[in-house]
Amino acid sequence: YAVQEVAETKLATVMQQRMGATDAEIQSIKDLASAQQEIGVIGDEVQLSGAQQIATFLNEKASLETLIPAMNNLLAQQKGLNATQEDAVNIGNLIGKALQGNYGALKRVGISFTDAQAQMIKYGTESQRAATIAQVITDNVGQMNQRLAENDAGKAKQLANAFGELKAKIGSVI
């Protein structure tokens, strides 16, 4: 519960500072992370850590919503079933640097861009840059988060994530 609460607090603080986000907007990001956890292997507390890091580079909640599934796919591709909050922050930084036009950081982890995509990332609006980065990551690693959940090890990870959610709910009551 404490780990979840810290991740949620960090996300809320950054979203309020950077985006002027309302409680409902913050809740929608937490709901997205929960939905992503149900279809994949990346726990929501891990996602929230990455999301708060990406949010430090953004001004629009919609851009964050676009990037979270792509972040999860890259995280799953890079770290498999063992992604940590620290790993998510690192991936969030790579995505954040790309949002600022420094897509070389993503290239170093094997993500390739076309010239047109590189230009869009350099000169597009925030939402265009976010959509392009999400598409580029998906083009390179596919729906890795969801695909890993389809094998036995992934199903076991989903069960562990569900048990973690149960423990967090119990912790919140205590």
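Which residues are buried in α7? In this predicted model, the buried residues of α7 are Gln-117, Ala-118 and Ile-121. They lie on the same side of α7, because they cover an arc of only 100° around the axis. The face turned away from that buried side carries Asp-115, Ala-116 and Tyr-123, which are exposed. Among the elements covering the buried residues of α7 are α5 and α8.

Helix α5 spans residues 85-99, 15 residues in total. From its first C-alpha to its last it reaches 21 Å, close to the 21 Å expected at 1.5 Å a residue. Just after α5, Gly-101 has a positive phi of about 100°.

| Helix | Buried residues | Cover includes |
|---|---|---|
| α5 | Asp-87, Ala-88, Ile-91, Gly-92, Leu-94, Ile-95, Gly-96, Ala-98, Leu-99 | α3 (44-55), α4 (61-79), α6 (104-107), α7 (115-123), α8 (126-141) |
| α7 | Gln-117, Ala-118, Ile-121 | α5, α8 |

The largest nonpolar core has 49 residues, of which Met-15, Leu-64, Leu-67, Ile-95, Leu-99 and Ile-133 touch the most other members. Elements giving two or more residues to this core are α1 (2-19), α2 (23-39), α3, α4, α5, α6, α7 and α8. Helix α4 supplies the largest share, eight residues. In soluble globular proteins, nonpolar side chains tend to be buried together.

For Leu-67, leaving aside neighbours within four places in sequence, the contacts are Ile-54, Leu-58, Ile-95, Leu-99, Ala-130, Ile-133 and Ala-134.

Definitions and conventions. Residues are numbered from 1 along each chain as its sequence is written. This is a predicted model: local features need pLDDT of at least 70, side-chain atom pairs count only at pLDDT 80 or more; totals for chains, interfaces and linings use all residues. Side-chain values use heavy atoms; hydrogens and water are left out. Helices (H or I, at least four residues) and strands (E, at least two) are DSSP runs, numbered from the N terminus. The expected span of a helix is 1.5 Å times one less than its number of residues. Buried means under 20% relative accessible area, exposed over 50%, partly exposed in between (1.4 Å probe, protein chains only). Contact means heavy atoms within 4.5 Å. The arc is that of the directions from the helix axis to the C-beta atoms. A nonpolar core is a set of buried Ala, Val, Leu, Ile, Met, Phe, Trp, Tyr and Cys residues joined through side-chain atoms within 4.5 Å.
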